[in-house]
Amino acid sequence: MNLKKYFIRALHRLQKGPGYTYKELLVWYCDNTNTHGPKRIIKEGPKKKLIWFFLTLLFASLVFWQWGILINTYLSYNVTSSLSIGFKTMKFPAVTVCNANPYKYSEAKPLLKELDRLIDAALERILQPSQGNSSESISPPLDLELWYQIPLVLIDEHDKDNPIILDIFETNQTAAGIQASTDSPTPAGNESSVDIPAPCSHPGSDNCTYRNFTSAAQAVTEWYILQSTSILSKVPLEERIRMGYQAEDMILACLYGAEPCNYKNFTQIYHPDHGNCYIFNWGMDEEALNSSNPGAEFGLKLILDISQQDYIPYLSSAAGARLMLHQQKSFPFLKDQGIYAMPGTETSIGVLVDELERMGYPYSDCTMNGSDVPVKNLYSKYNTSYSIQACLRSCFQEDIIETCGCGHFMFPLPQGVNYCNNDDYPGWAYCYSLLRSSIRHRQICIDSCKETCNDTQYKMTISMADWPSEASEDWIFHILSYERDMSTNVTLDRNGIIKLNIYFQEYNYRTFSESAATTIVWLLSSLGGQFGFWMGGSVLCIIEFGEIIIDSLWITVINIISWCKGLKQRRAQARYPDAPPTVSELVEAHTNLGFQHEATGTLPRDRDKELPPEPGTPPPNYDSLRVQPPDVLGPDSDAE
């Protein structure tokens, strides 16, 4: 069957409407649709027809405009936050306690001896510059090779155009290479600053990069941390743990609710910032503890000894205990989220619990367990859960390794990488400083890391009082000294003792949860409401419009087939310019040929050549000769 006839029949079966042209379909649609506007266009007079056409076009535009706004609102995936308050028995948080000083000075002093001598001499020259800058009078001589790896310099900025760089252990130089002034160097003040150039061949040379500090106290602390990091990075982990504060020396007393506890109930981890840290109720080996009741009597009570007299003078300028409350099986990032407890005080910490429940993709870019984060979690070796702090530090460590060729001492190392130090990586401090101040690198890490979808935060209310009181300090120090050192002499004092009370204020907990601001139900109802308000239509009207579109597509296909067929015929005519004979012409030509043979007494047996009749064959009867025209239309050319 002809393909065109098939499409025509299919269109007729689908449409059941009048005509097979675009105009006929449009008129049929306007006359039969349930949408109000199009009917009036074809039934009203010329003037009203124009008015109704304009109104229909206007309101249809408004519908599509409103639909675009609604769809865009839905695809923005906004959320709404709701707050609910519940009451239940809650798990007591994990409590991490550390000393503000990472190592005992008595244990680390052999490693830091030369560094301390350098900083002592540098401070002496900063505070008493009139005595000169030569280091030859010091006995034994200073290790200036260690000094020039990351030196400290003074910059005199009385002349803003020609600032004077004053090396503490050498003669004066200028930053621009101009002859230095012979005046005595000015100590750091309003018009001077202390800087750390790192690294360069010599302070004052053109390839130095300076970190500026307005106070010598800040510069000395930062310089000492960089130098001690280089030294301690070469010390094995077991040795660093030995140099730190041990649990039996630091945790003097422990009580959880009515149950006694001791240092054996704490899990020890090594923290690069604070040395040995101890975690209570971490939940790694045992089930997390529940709190039976709110109030200070049902919480955790600790007495700590921080041994302040054994602090490293230049490494830690703050004295106290660093503590943090966090979830079980999570790594404590005390530098960001920890708080200090002051020695000689009783610190009470009341805890309230906030639970955060975020919606995942596409409503927010949060993660459930960090498996979809492109940054490798270097803290996974502790078997802890994912956190954005762990991701940011892991990302920063990867940048340091990629840029500097070594890893920073304060972050975990991947396999096959060494810590940075001045001997093996002389330019590490300069490289680290550039990355630390680079906004671009930090933004890359922020974009790569994701917040956790579910999180628990502990809000703390902190109060302090002097402890022990003057009336009770004598007997308390005697008892604590005897229990720790088995000595009748007092070995503890107010400068090293801290008492902590950590408890739930109440069992009410708050849950902040997110829910979708727009749902598919909201979208469909809003779309239908706009369509019904402006056009008086419904879903059936949309189906009718879809039907007319399908019919139009069928007509388009038929027109394309007809155009292709006509193109084929035109090409055939161009190739064979003589038109083929019609049926009437063939009949007339055959009749004339018969009359001509009748007159001559011959009749061709075929079209190509004439042969004489066989002997004894009777002549043909021309009266019974019938002409059958050739079938030029084909077997399928019969009319419908």
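A residue counts as buried under 20% relative accessible area, as exposed over 50%, and as partly exposed in between. Keep those cut-offs in mind, because Asp-249 has a relative accessible area of 30% and is therefore partly exposed. The model shown here is predicted.

Asp-249 has a partner. Its side chain meets that of Lys-104 in a salt bridge, at 3.7 Å from N to O. Lys-104 lies in the loop between S2 and helix H5 (105–127), while Asp-249 belongs to helix H9 (residues 247–250), so the pair ties together parts that are 145 residues apart in sequence. The two ends differ in cover. Lys-104 has 19% relative accessibility, so this residue counts as buried. Asp-249, at 30%, is partly exposed.

Strand S2 leads on to the next stop. This strand covers residues 94–99 and runs antiparallel to S11, with 4 bridges joining them. One point of contact can be named: Val-95 has Phe-280 of S11 as its bridge partner.

S11 also pairs with strand S10 (residues 266–271). These two are antiparallel as well, over 6 bridges. Here Gln-268 has Tyr-278 of S11 as its bridge partner. The link between S10 and S11 is a hairpin, made through 3 residues.

How many of the residues of strand S11 are buried? The count is 6 of the 6, over residues 275–280. The strand is therefore largely enclosed by the rest of the structure. In general, side chains in a regular strand alternate between the two faces of the sheet.

Now turn to a helix. Helix H4 spans residues 46–75, and Leu-50 is found in it. Is Leu-50 buried or exposed? Its relative accessibility is 60%, so Leu-50 counts as exposed. With Phe-53 and Leu-57 it forms a nonpolar patch, and together they have about 330 Å² of accessible area.

An unreviewed UniProt entry places the feature "transmembrane region" at residues 50–75. In the model, those residues are 100% helix and 0% strand.

The salt bridges come to 14 in total. Among them is the pair of Arg-393 and Asp-336, whose closest N and O atoms are 1.9 Å apart. Arg-393 sits in helix H11 (residues 388–404) and Asp-336 in helix H10 (residues 334–337), so distant parts of the chain, 57 residues apart, are linked. Arg-393 is buried, because its relative accessible area is 17%. Asp-336 is partly exposed, because its value is 43%.

Another salt bridge joins Asp-365 and Lys-450, with the closest N and O atoms 3.5 Å apart. Asp-365 is in the loop between strand S15 (345–357) and H11, and Lys-450 is in the loop between helix H13 (439–448) and strand S16 (454–466), so this pair ties together parts that are 85 residues apart in sequence. Asp-365 has a relative accessible area of 49%, so it is partly exposed. Lys-450, at 14%, counts as buried.

The last stop is a group.

How values were computed:
Residues numbered from 1 in each chain as written. Predicted model: local features only at pLDDT ≥ 70, side-chain atom pairs only at ≥ 80, totals over all residues. Heavy atoms only, no water. Buried < 20%, exposed > 50% of the residue type's maximum accessible area, 1.4 Å probe, protein only. Pairing = 2+ DSSP bridges. Patch = residues over 30% accessible without salt bridge, like charges linked within 9 Å, V, L, I, M, F, W, Y side chains within 5 Å. Areas by Shrake-Rupley, 256 points an atom, 1.4 Å probe, with all protein chains shown as cover. Salt bridge = Lys/Arg side-chain N within 4 Å of Asp/Glu carboxyl O. UniProt positions renumbered as here; feature names shortened; annotations may be inferred.
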